[in-house]
Amino acid sequence: MTSPDTPDPRSLDDIVAIDMHVHANRSSRLAPDPVAEAFDAAMFEYFKQKMPKPTIAETAAHYRDRNMLAVIFTVDTERGNGQFRISNEEVAEEAAQHPDVLIPFASIDPLRGKMGAREARRLIQDFGVRGFKFHPSLQGFFPNDRACYDLYEVIAEARLPAIFHSGQTGVGAGMAGGGGVRLKYSDPMHLDDVAVDFPYLPIVIAHPSFPWQENALAVATHKPNVYIDLSGWSPKYFPEILVRYINGLLKHKMLFGSDWPVITPDRWLADFDQLPIKPEVRQMVLKTNAEKLLGLDRHPVFGRYQRLQPPSVGDCC
């Protein structure tokens, strides 16, 4: 039951799209971080535009106006680049004020080991987080490093999705030494091992995976628990092979994501409309596939369902 101050959840039928990749990059509780500001300035130069930095509440309003749901998260890069993270608690508590719009994911540096696993359990049990976000290049780890497995075990046990950045990143681009960001960690082939070792962990490969696009398609084709979100690129720049797999072999595994605020959902959707995507596939990408992945088709209140049993053959993962 929602509180009187919280908007009532809308019917899922009223939702036009589910954005699987939305960043919370402005805290309402922390002072501005000079490390974050330095990386933001370099990213503005890289993208030739100054991007907005909305609060979580402002993000909720943006998506509510568009009848969309948004999976929202921060990224824990404290060890990787010394940037103070927006706390997972802030993301979850703010999202709880907007349950008709926001689905909170958490981010934990997987090399925190057992302490990271403890944090994940607490966030799932006490804060209702619905999944986890990782950025191998910013966090400085190979996804198949067994030092990460303590954390993965907790996520897999809860049957929650894990989103992994893949491919090149605009973060650090143009800075000396790329701001210390190493691209090698984000080859999606490293996720093949994770999919083998955690067959009931839903894994989402984020972004068109330049320069490893075919690696991402291969892993998602071979492993039933691996999906691809299409965030971070305007669809007009999607390679032809990716469009072919969206329309065909992987149509049930492709997910709409914008990478807000780097790319707005309006721009992404306008460019996606120009692609030769079959009408029935378009609906799957924008909404239906995410409904199934997040369990929203199994419960009338957004974000409350948690699958506790292994999926049956042919289920989403």
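Predicted model: local features only at pLDDT ≥ 70, side-chain atom pairs only at ≥ 80, totals over all residues.
**Stop 1: the loop between E8 and H11**

Select Pro261. This proline is in the loop between strand E8 (254-255) and helix H11 (265-272).

Step back to Asp259. Asp259 is in the loop between E8 and H11. Its phi is near 85 degrees, a positive value in a residue other than glycine. Is Asp259 buried or exposed? Asp259 has a relative accessible area of 10%, so it counts as buried.

**Stop 2: from Trp260 to Tyr63**

Now show the side chains of Trp260 and Tyr63. A search of the whole structure gives 13 aromatic pairs. Tyr63 and Trp260 form an aromatic pair, edge-to-face, with 6.0 Å centre to centre and 80 degrees between the planes. Tyr63 is in helix H2 (residues 56-65), while Trp260 is in the loop between E8 and H11. The two are 197 residues apart, and the pair links distant parts of the chain. Both Tyr63 and Trp260 are buried.

**Stop 3: Phe256 and Trp268**

Phe256 is in the loop between E8 and H11 and Trp268 is in helix H11, so the pair ties together parts 12 residues apart in sequence. Phe256 is buried, at 0% relative accessible area. Trp268 also counts as buried, at 0% relative accessibility.

**Stop 4**

Move to Phe210 and Pro211. A cis peptide bond joins them, with omega about 5 degrees. Pro211 is in the loop between strand E6 (203-206) and helix H9 (213-222).

**Stop 5: Arg159**

Select Arg159. Where is Arg159 found? Look in the loop between helix H7 (149-157) and strand E5 (162-165). Phi of Arg159 is near 60 degrees, a positive value in a residue other than glycine. Arg159 has 13% relative accessibility; a residue under 20% is buried, so Arg159 counts as buried.

**Stop 6: an aromatic cluster**

Select Phe134, Phe141, Tyr149, Tyr152, Phe164 and Phe198 together. These residues form one aromatic cluster.

**Stop 7: a lysine over a ring**

Finish at Tyr227 and Lys253. Lys253 lies over the face of Tyr227, 5.8 Å from the ring centre.

How values were computed:
Residues numbered from 1 in each chain as written. Heavy atoms only, no water. Helix = DSSP H or I, 4+ residues; strand = E, 2+ residues; numbered from the N terminus. Buried < 20%, exposed > 50% of the residue type's maximum accessible area, 1.4 Å probe, protein only. Phe/Tyr/Trp six-rings, centres within 6.5 Å; stacked < 30°, edge-to-face > 60°. Lys NZ or Arg CZ within 6 Å of the ring centre and 35° of its normal.
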